[in-house]
Amino acid sequence: MILKKSYLYLFALFAILFFGPIAYSQTAPQKKENRPKLFEKTTTDSDYLMAIEKAGEVMESAYNDADFDGETRHIFGEIKRTQSKLDLILTSLKGANPNVRNQQMYRIVLKEIQQELEDQNTAINSRNANLEKIKNRFVDLHKDKTFMELIKDTVRRKQFKKEFANLKKRYLATDSLMSKNQGILNNKKRLTVERKIAVSNALIAVEDKLEQSGISILRKEYPFLWSTNDSVPKKAVSQNIRAKVIIEKSVATYYLSYRAGGLITLLFFMGILFWYISRNLKYLKENGYVENLSHFNFNYLNRGVLIPVLVIGLNIAVVSNLYAPALFLEMLQLILLGILTVLFKNRWSAQSMKNWALLLGLFFTLCFLDLFIEVGFIQRCAFIVINILGIRYGLVQIKSIKDQLYIKGFFKWASILFIGFNGLSILYNIFGRVSLSNMLTLTAFISLTQIIALSVLLKIILEIILLQIYTTRIKRGLEKIFDYESLSDTLKKPFIIVISYMWLVVIASNLNIWESLRTSLGNLLSHPNTIGSITFTLGNIVLFFIIIWIAHLLQKYVAYFFGEIDDENEENVNKRQHSKLLITRLIVLIAGYLLAVAASGMPLDKLSILLGALGVGVGLGLQNVVNNFVSGVILIFDKPIQIGDVIEISSESGRVKSMGLRTTKINAPNGAEIIIPNGNLLSQNITNWTYTDNFKLVEVAIEINGDTTPDAINEIVMQALESLPLINLEKAPQLFYTAISDGKYKLLIKFWCSIYRTEETISSARQVLFSNFKAKGLTFST
């Protein structure tokens, strides 16, 4: 009503501007001007044209701004899509099975719809405000004195009759467009308000159902089992199943479209993983090393790539879709279990496969009853039968499956939960708490099957890492089979933490307590705490240590992805790669600490105080620590020594095994490991035998007795050296005679060999020289 009055007022104002001056010009008395015409300010035709042009621009811009732009039409499309989602959810709420999974999904989607409606309402209000601003432009036209003077002057107005006709046409078009768009906006706003009310009511209903399904609510939902009396015709049962299938299918289809972006992203990354694994396997196959994977106890990657990648993707999909509808999630679980069956086939014993098939059968039956069968006597009895079979399964048959798994520690807890939840489910079912009973039964089976799937996931991830290490080593010419068992034990520790978290999240979500746990934990971690003038939260502290822990893990394990392990052949050390790894580790650590400080939320002024205190600590007692750290950074970038170099420092000598930010480890020839602070390395003279290459010039002194000549001796020596593969003949050997007498010659032979096999090469050279001179009838001594 107010908007209509505004339009009437605007139209009346414009009419007054156009037609009011006519009457005024006929009745108003003419005032005489006493001012001389020479100094009178006159308005020319050009001024009038400019005023008319300005008014036309105002009306043209008003018309353009009043029209809906692309963003507004996009909002209208969003409003339509929101209505489609809301209609589907409201319809599903009336007919779908009221299990916890569906209710959780409804709650999440309804909250998102509520936020969408709030944003749409804000956008509509903004566009209504824009229309009000456009109307004010017309009101501001009466402030233009030249334009008002022209309207009042009947003679001049006739002169610009054509221009005024165009102005009127533009005004009427703008007024019509604004009225139309104002009506559209008002209608959209009305629909938005109605939908907000519908969403609010639906949320109340969903929250009530979730509360009734909660473990903390112990009141009876249905009659006791012995009081239940079902008399539903078979025809009605089939019709109910058919109707529920349609509804559950529509809800799952909607959720699939709703989560399409995330699922496509997951498929993309799984495709990259598939290509990455296939590339490594193809390289090993082309070079004849793929059969060696059996030495690493591979169970899955050596039987194909697609199925292991699907196992990884489905496990991630289950954890990342905690609030998916029941049909969608249970289909994911069943597909995952089916793929696991293919992996287990021909690897598990017949008894284990039989027990596994029984578990799949019970889980499938449970899903069907939970989704499509109305709550009644038959359904409740069927659930009790499944619970009894589950308890027997957990006590007797589960042991055969446990023996086949890679990790068995968590299986004990999964078995306890499986048996305990099934037992509680029977009690709640008998005494009328059917929704809670169904929830516990489904959680019991999912907790058991999920820990099996996560065990397989861990083994596949370890196989992928071992495959990367082995492939990289083959590319570097290292064919030795490394100690994969100890390496796997080291690598699996952080992954066990991850899969434990995934398992607990899935269980908590199925029990309908994950949201409350996450909220409570979030409130605890985000609650501000104050000590003196410093305010902090536990979440920032926890995040600080988590980031530092991850940074240290990454810098520790990054070498494995480049094929670097501890039992490398010292002659094939890739010094350039080791230098890159050291720099990478340094960057990871520095970036990790900087990110941890930023995540902690510590203000810069407080950080400066901390750095000042640290500076005092350095001045008092941390000089050596800082000196070694800075020296380590200098050694990494300056590279006077690298991993694999043979060095001598003071009275110590050996091969550089590893370089850290504080110390450097050296393997001595006698097997000892010498740990030298980096500050000592940088402050003392270092002899690096392998700075340029890995060859060392060695000497062998010999004495020859007999009837011969120097030329014959030279020829025998060169033939002996050329027959030794350990000698580097790219640099010519050198022969020096230290003494010559009749029948007696003393020689000094110098040649180049690998510094890592110096003693072996000298020993072989002496043996060959002895044999060659003896064959010529000469006496050889050294």
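The protein chain comprises 24 helices and 12 strands. The model is a predicted one. Of the 782 residues in the protein chain, 42% are buried.

Two helix pairs were then considered. Two packed helices are described by the angle between their axes and the distance between the axes. Helix α13 spans residues 377-402, and helix α14 spans residues 409-430. The axes of α13 and α14 come within 9 Å. They cross at roughly 165°. Angles over 145 degrees count as roughly antiparallel, so α13 and α14 are roughly antiparallel to each other. The crossing of α13 and α14 is left-handed. The contact of α13 with α14 has 14 nonpolar residues, eight polar residues and two charged residues.

The second pair joins helix α10, residues 306-320, with helix α15, residues 434-475. Here the axes come within 10 Å and cross at roughly 130°. α10 and α15 are therefore oblique to each other. The crossing of α10 and α15 is left-handed. On the α10 side, the contact is made by Pro308, Val311, Ile312, Asn315 and Val318. On the α15 side, Gln450, Ala453, Leu454, Val456, Leu457, Ile460 and Ile464 take part. The residues of this contact divide into 10 nonpolar and two polar, with no charged residue.

Backbone angles were examined next. Most residues other than glycine have a negative phi. Asn297 is not a glycine, yet it has a positive phi of about 60°. Asn297 is found in the loop between α9, residues 260-286, and α10. Its relative accessible area is 41%, so Asn297 is partly exposed. Asn346 also has a positive phi, of about 70°, and is not a glycine. Asn346 lies in the loop between α11, residues 326-344, and α12, residues 350-372. With a relative accessible area of 70%, Asn346 is exposed, because exposed means over 50%.

Cysteines were considered last. A disulfide is a covalent bond between the sulfur atoms of two cysteines. A search of the whole structure finds zero disulfides. Cys381 has 24% relative accessibility and therefore counts as partly exposed. Cys753 has 0% relative accessibility. Buried means under 20%, so Cys753 counts as buried.

Notes:
Residues are numbered from 1 along each chain as its sequence is written. This is a predicted model: local features need pLDDT of at least 70, side-chain atom pairs count only at pLDDT 80 or more; totals for chains, interfaces and linings use all residues. Side-chain values use heavy atoms; hydrogens and water are left out. Axes are lines fitted to C-alpha atoms, for helices over the stretch in contact, and angles run from 0 to 180 degrees between N-to-C directions. Helices (H or I, at least four residues) and strands (E, at least two) are DSSP runs, numbered from the N terminus. Angles under 35 degrees count as roughly parallel, over 145 as roughly antiparallel, 65 to 115 as roughly perpendicular and the rest as oblique. A crossing is left-handed if the near helix is turned anticlockwise from the far one by less than a right angle, and right-handed if clockwise. Contact means heavy atoms within 4.5 Å. Ala, Val, Leu, Ile, Met, Phe, Trp, Tyr, Cys and Pro count as nonpolar, Asp, Glu, Lys and Arg as charged, and the others, Gly among them, as polar. A disulfide is a pair of cysteine sulfur atoms within 2.5 Å. Buried means under 20% relative accessible area, exposed over 50%, partly exposed in between (1.4 Å probe, protein chains only).
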